[in-house]
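Trainee: Please pick one part of this model and go through it closely. I would like the cut-offs stated as each term comes up.

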Amino acid sequence: MSTELEPSSDTLAAVQQRRQASILLLRLQWLFILLLIIALAWLYVSQQRFQNQINERLHSNEQVVSRLNEMDDRLFAISQQSLPEPRSQAGSQAQNQLDLLRIQIQAADRLLADNNHSAAIDLLRGLQWQLSQSNNEIAPTLTIVIKQSLAEDIERLQAQSNQPSPWQLQNLAMQDIQEFLHSTNYGNSIDARNDGRDSTTRITVTNRQLIIHEVIMTLNLAMQASNMREKEQLTSYLQQAQKQLQVLVPNTSLPKDKAHAKFATPSTDTDKHTTGHQKSLTKEAPHNISEVMVWLDELIANAPAATPLLTTQMLDKSR
């Protein structure tokens, strides 16, 4: 009986092993199919992302090309408007170069209006190199004059780049006024009689605080206009601040000679290269509302204005 049971047990073990092997193979097949599906899905997602990136780049390139074409069209239109009818081929070439030089100088003036002295200096140096090339058809005498004016402009801009801009001086002065008004508005030791008001013109502390708060907000707008290099808006906001403070001004104003002493013009070796409106305030802050009004008068009178380059003035005269 024992000899008959041994073959049957071996047979059962073999059948069980085959069954386990078939189950393992089936699981491996499903695992392979699952991995294949995941790989195909990943490839599809990657292909879609790559296609989207390509489409975005093509779209951005089209926008850049369209903008460049628009700029070329505008420059061409500007040059065509400024170009006179040529008398001869040589004269036409010289006139074209001179008109292009005027456009480039206008670009330098725009950079100066944005207070970008370094870029303006680089552009002027590029114009110097351009005039030194052999293909320059501008008259030699005019070329020499233009080069000299460019050299003077570069020297003046280099001197100005080492000094604070008049817009920055305006902002510093307005910050000093704001600090004084803030301390006046919220200080605990403020005497209303310091402003020289009598009993008929005296106003309540609440109205005074409201007026000073409005002036501070108006000066904030003026500083924003100064940061944007908007002279008209800056002057308008400063005049508005004056009108708002007029209620608090005493009848006796600060003498003009004493008021002007608050403003000092820098005396350096580079004064010949600086414009007359570039003035700086002393570190002493105003002491009362009357002095604030005088400071506002000075800020309005000395509002920064763009000074054209010497080369711009010379080219305008040569038309």
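Mentor: Helices are DSSP runs of H or I with at least four residues, strands are runs of E with at least two, and numbering starts at the N terminus. This is a predicted model, in which local features need pLDDT of at least 70, side-chain atom pairs count only at pLDDT 80 or more, and totals for chains, interfaces and linings use all residues. Residues are numbered from 1 along each chain as its sequence is written, and side-chain values use heavy atoms, with hydrogens and water left out.

The chain has 10 helices and 2 strands, in the order α-α-α-α-α-α-α-α-β-β-α-α from the N terminus. The part to look at is the pairing of helix 4 (residues 140-161) with helix 10 (residues 310-317). They pack at about 155 degrees, with their axes 8 Å apart; that makes helix 4 roughly antiparallel to helix 10. The axes are lines fitted to C-alpha atoms over the stretch in contact, and the angle runs from 0 to 180 degrees between N-to-C directions; over 145 counts as roughly antiparallel.

Contact means heavy atoms within 4.5 Å. On the helix 4 side, the residues that meet helix 10 are Leu142, Val145, Ile146, Ser149, Leu150, Glu152, Asp153 and Arg156. Helix 10 contributes Leu310, Thr311, Met314 and Leu315.

Thr312 also lies in helix 10. Thr312 is buried, with a relative accessible area of 12%; buried is under 20%, exposed over 50% and partly exposed in between, with a 1.4 Å probe and protein chains only. Leaving aside neighbours within four places in sequence, Thr312 touches Ile105 and Asp109. The C-alpha atoms of Thr312 and Asp153 are 9.9 Å apart, although 159 residues separate the two along the chain.

Buried residues account for 31% of the chain's 319 residues.

Phe32, in helix 1 (residues 2-82), is exposed, with a relative accessible area of 57%. Arg229 sits in the loop between helix 6 (205-227) and helix 7 (231-245) and is partly exposed at 23% relative accessible area. Arg229 also has a positive phi of about 60 degrees although it is not a glycine.

Definitions and conventions. Parallel < 35°, antiparallel > 145°, perpendicular 65-115°, else oblique.
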